[in-house]
Amino acid sequence: MSMETVNDIDIDRSAGDFSYPESHKYDAGYGLTSETVNYISKVKGEPDWIRDFRLRALDTFESRPMPTHWASEDLNAIKFDDIRYYLANGQRPTRSWDEVPEDVKRTFERLGIPEQERKFLAGVEAQFDSEAVYSNIKKAVGDQGVIFMGSTEGLMKHPEIFKKWFGKVIPTGDNKFSALNSAVFSGGSFIYVPPGVKVKHPLQAYFRINAENFGQFERTLIIADEGSEVMYMEGCTAPRFETATLHSAVVELVALKGAKIQYITVQNWSQNVFNLVTKRALAHEEAEVKWIDCNIGSRLTMKYPGVVLKGRKARGEVLSIALANNGQHQDTGAKMVHAADETTSNVISKSISIGRGRATYRGLVHVPKHLKGCKNNTECDALLINPESRTDTYPAITVRGAGNSVQHEASVSQVSAEQIFYMRQRGLTEGQAMSLSVNGFVNDLVRQFPMEYSVELKRLIDLEMEGSVG
Amino acid sequence: MNIAALASDETHAGSGVLQGEPLASFDFDSAPQWRHEVRQEAWRAFQATPAPTRTDEAWRFSPLKALDLRAYVRPCANAEDEGRDLLERSNGLREIAGRMVFANDRLLKREVRSDALAQAGVIWLPLAEAAVKHPDLLEKYFMREEAVLGSRKYAALHEARVCDGSFLYLPPGVKIDLPIESFQWLHGENASCFPHTLIVASENSRATFVDHFQSSAAVAGFACGVNDLWLGAGASITYINCQQWSDSTVAVQINSTVLGRDATAVALNAQFGGGYVRSESVSHLREKGGRSDMLALAVADGRREIDQRTLQIHEAPHTASDLLYKNALDDRAHTIFSGLIRVAPNAHFTDAYQKVRNLLLSEEAEADSAPGLEIKADNVRCTHGATTGQIEAEELFYLLSRGIPRSKAQRLIVFGFLNEAISRLPARDEAVREYLRRTLQDRFSPGDLGRPEVLGV
Amino acid sequence: MSSLIIKDLRANVAGQEILRGLSLEIEKGKVHAIMGPNGSGKSTLSKVIAGHPDYEVTGGDVLLDGESILGLEPDERARRGVFLAFQYPMEIPGVTNANFIRAALQARLGEGEELEATEYYAKLYARMDSLEIPRSFTARSVNEGFSGGEKKRNEILQMAMLEPQYAILDETDSGLDIDALKVVSRGVNSLRGPNLGALVITHYQRLLNYIQPDCVHVMASGRIVKSGGPELAFELEAKGYDWIKDEPVAAGAV
């Protein structure tokens, strides 16, 4: 079955490419109505239950107010009518390499992004051929019976698994943007890891880059069956050169008894993007879920990865780094809902505000009554680089009943002038000294990233720090 | 309602707290016309302001149904013998500079016990009398800071209904060593009161003030109070809110403390009683060198709900604030702490700390914490922390191994836990610390201490 | 012209004058020592030479091989060969020792040049061994959780790796026990040679038993008040600093 799955991916993709030869057929146009949703569902050839699901979600989306009573007023700047909600494979708007701004090209250069990838990232090429790398991974995991495919494929080919968990971790009505995603989602990954299978290679969205994966409304569902282990990585440190201004993904993880899931995100959005993402995991008995989340760029990012600790001794973790530069607001955090005895959760968040950047941490820890032996530990550290930099911390913690313990600590600091002088005395420029300090500040978290990400991340911090001093 | 027919608000005594327009009444309003207008304005604001709702961040976690005020009645005058009884029961500190006792907002007695209060320029009067004699001071300081933590509606209600309270004005350089006390009694079933304390401390003055809030019997009541502290340059104020309302009292207490250059304020809210108690405390650090210590302890047992909201606003460079709130929760009690440190742009060299510690002693108790930071200046030292946990097994075992019975050992540990907040009061207020410790001890085990003897007048 | 010349240097901290016309020449190949009571301005001198932003130079000059460095940023001075071993070395959380020294060396290379990793580590390990610094220190954050002695040894390690033209050792002996003092001194002595001019600032003569100076200067109230050979240090040790204050300012200490 595993090999079939692999073949299916290829067949399906090329079939998709051939069946809609005229470009207008891939395009749902501007604005969002029930017609848009019907169109998306039809183009994708989805079953009725998905179309109904989408239509119900649209109603929910429309009935919900913007959450500006607690979130940034900047959300009101989103023009829902000016957005194209669906562009099929190959229909990313293209431009020539000459049209790509110089600073973006320079950044690619500095980050050492390979030529081929640069063109895709800059929107010059719609497809990125990573087949060579990808086929190895596909083969390796395919042999183990792992299903790894696009979410649309997943819902059509494996409805028995897909349907059971889809929308169950994050209900459509969880928030306005999860409803939006539920109505218009396309792209994203579907992964199923059979019982006991430990996937050695990290599965990377990066290796199967295409328009849908890098789409605006991707939907990812990962199910790790009993005792299995999987690591998933998405994004890359290269800045995304986007024309779309709204990105709203939904990611659902299900870790069944004793399973382990690590989900790693490194994102660097361009300055005009609203990045509003809902990510949540369901951890069953003795399961472990770890979110590693790194947010750079964008105009406004709102993202609070969560774990619902549903089974005894389940464990949840969120490690996050946010870098907010001029004109950027990183509104990130974590949610830990304890729903069984002896569950533990850990949150470490580090944010850096540069220039007039703003970093916000929002946390939710919930330990309802009649639970025993639950523990949460949360640490939030914010570093402010310039006098106009801003940081906020808004945790909300509810604990009922003796026998549980919750700790939250947060601190705000700046890079000390004496530290910078010390480093400059050794010959480092002020900018280099500042970069080194900032890298040091996030170092204990970055160490937990896969090697290639942590190296890129360090370079990226160096880049972001430029112009913050002097 | 025929307004012309009503010569005085007294006519409304016994009618619902939400009924009837506020009218010029009592001494408070008899002199300055502006008071009457302000009262009318406040009443309109109260009616116009919507009641808090579930989605209101300022009321997150709050049990909103406690704020249904329809059952409560306007204050009634007390019979003379009742007043005597309450006076006798107004037992506070042993040595004081003076005290005022109020029942349902009516002054029962004002006593001067130290010459310090007779120093030139010191004004220590019932608010109503102060309004007549010092309208300029009241106009400048009375209800001048907006209630920014959610209770704008209840601040308006207070302003519409307030009729008396304590007013203390300290001229420059005057220091009063002995504490000044005020007792506010809530008397009668479903009674309401609107206690007000206003302290204006001129430059380099110093005083300690203790507000006692008590119910005459274990019946329902509603209290909606305001205590505002104004500290001039170099002034130093210790303020204690010793709250012992009945277990079925709903209370809203709104505080604002404004600190001038190098001023130091230490405020402690000791929450011993109440059914639902909403406490809002704001420290405005307006000028260089100001320092505000915000302390609280809560003995939350039974079905008590203590809802605490705080704000530390650093508006100028080189200011400091340090907050410590400690809640011990037993039975089905519920505490809320929602606090914010806000550092304004350019308020560099701010030192701001915020700590809330919840000790859970039962399966049903619930502690909600939301400690927040909003930092808009980079050269700052700010930390906050919130912990919720239970008595350490090792600590308990240690006491048991010394032969202390379990229940007593637990009480000891809880006492020690809450005492940390008391111990942060300045050393010069040792008598106040001692009084609070006794009250705390007494609260846990009434049998352990002979009440009148220990706490005698 | 291979020397670091300090010429009639005047400097303020927070509006208060600390250096009041200090002159001194440190030739390549020589070790000068400055001794002086607390508050004489010894540490200020080291910070001013290194370019600390809190210190305002109000007069005089500092010439490195004939060129003024006062207009240079602290890191430019460092890259030209001025090294300051700090009295209180800073901790840099999260930045490992190996990375830090590497970054400092890399900063001295031209555009496009890369430090050769194998050579770098070979050299680093050799220097660490001679300073009796355990290998594990490469992976530890700079000075974080180091003892006083470890911090001072780490300063000398950095000096050994960066190979400065002129080194200023600010109270490197403070807080060291005798064994640590010997290790640190041995490290410094091994770096002595025709290509290094050194200024050793100390309160006590003890250090000068191990790092023998060519010249000793006494500093008081922001000036050099007396200069002499190594024997001056012993005189100070025996008599204390009080007698110095009566001495006339040494004319032309340069």
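Visitor: Which residues does A255(A) touch, leaving out those up to four places away in sequence?

Guide: A255(A) touches A224(A), K260(A), I261(A), A281(A), L282(A), A283(A), H284(A), A287(A), E288(A) and V289(A), with residues up to four places away in sequence not counted. Two residues are in contact if their C-beta atoms, placed from the backbone, lie within 7 Å. This is a predicted model, where local features need pLDDT of at least 70, side-chain atom pairs count only at pLDDT 80 or more, and totals for chains, interfaces and linings use all residues. Residues are numbered from 1 along each chain as its sequence is written, and chains are lettered from A and ligands numbered from 1 in the order in which they are written.

Visitor: Which residues touch the most other members of the largest nonpolar core?

Guide: Those are I191(A) and A255(A), in a core of 319 residues. Helix α11 (residues 430-446) of chain A gives the largest share of this core, eight residues. A nonpolar core is a set of buried Ala, Val, Leu, Ile, Met, Phe, Trp, Tyr and Cys residues joined through C-beta atoms within 7 Å. A residue is buried if 20 or more other C-beta atoms lie within 10 Å of its own, with C-beta atoms placed from the backbone. Helices (H or I, at least four residues) and strands (E, at least two) are DSSP runs, numbered from the N terminus.

Visitor: New topic: how many residues does chain B bring to its contact with chain A?

Guide: Chain B brings 35 residues, and chain A brings 33. β18 (350-360), β19 (366-375) and β20 (380-389) of chain B each give two or more residues to that side of chain B. The largest share, 10 residues, is from β19(B).

Visitor: And which strand of chain A pairs with β20(B)?

Guide: Strand β19 (residues 405-414) of chain A pairs with β20(B) in the antiparallel sense, over seven bridges. Two strands pair if DSSP finds at least two bridges between them. Within β20(B), G385(B) stands opposite E409(A).

Visitor: What about chain C, how many of its residues are in contact with chain A?

Guide: 21 residues of chain C are in contact with 18 residues of chain A. At least two residues each come from α2 (74-79), β7 (92-96), α3 (97-106) and α5 (148-162) of chain C.

Visitor: In what order do the strands of the open sheet in chain C run?

Guide: The order is β2-β1-β4-β5 (chain C), four strands with antiparallel pairing. At the edges are β2 (16-27) and β5 (67-68) of chain C, each pairing on one side only. Strand β4 (residues 55-64) of chain C pairs with β5(C) over two bridges, and L64(C) stands opposite E67(C) in β5(C).

Methods
Buried ≥ 20, exposed ≤ 12 C-beta atoms within 10 Å, placed from the backbone.
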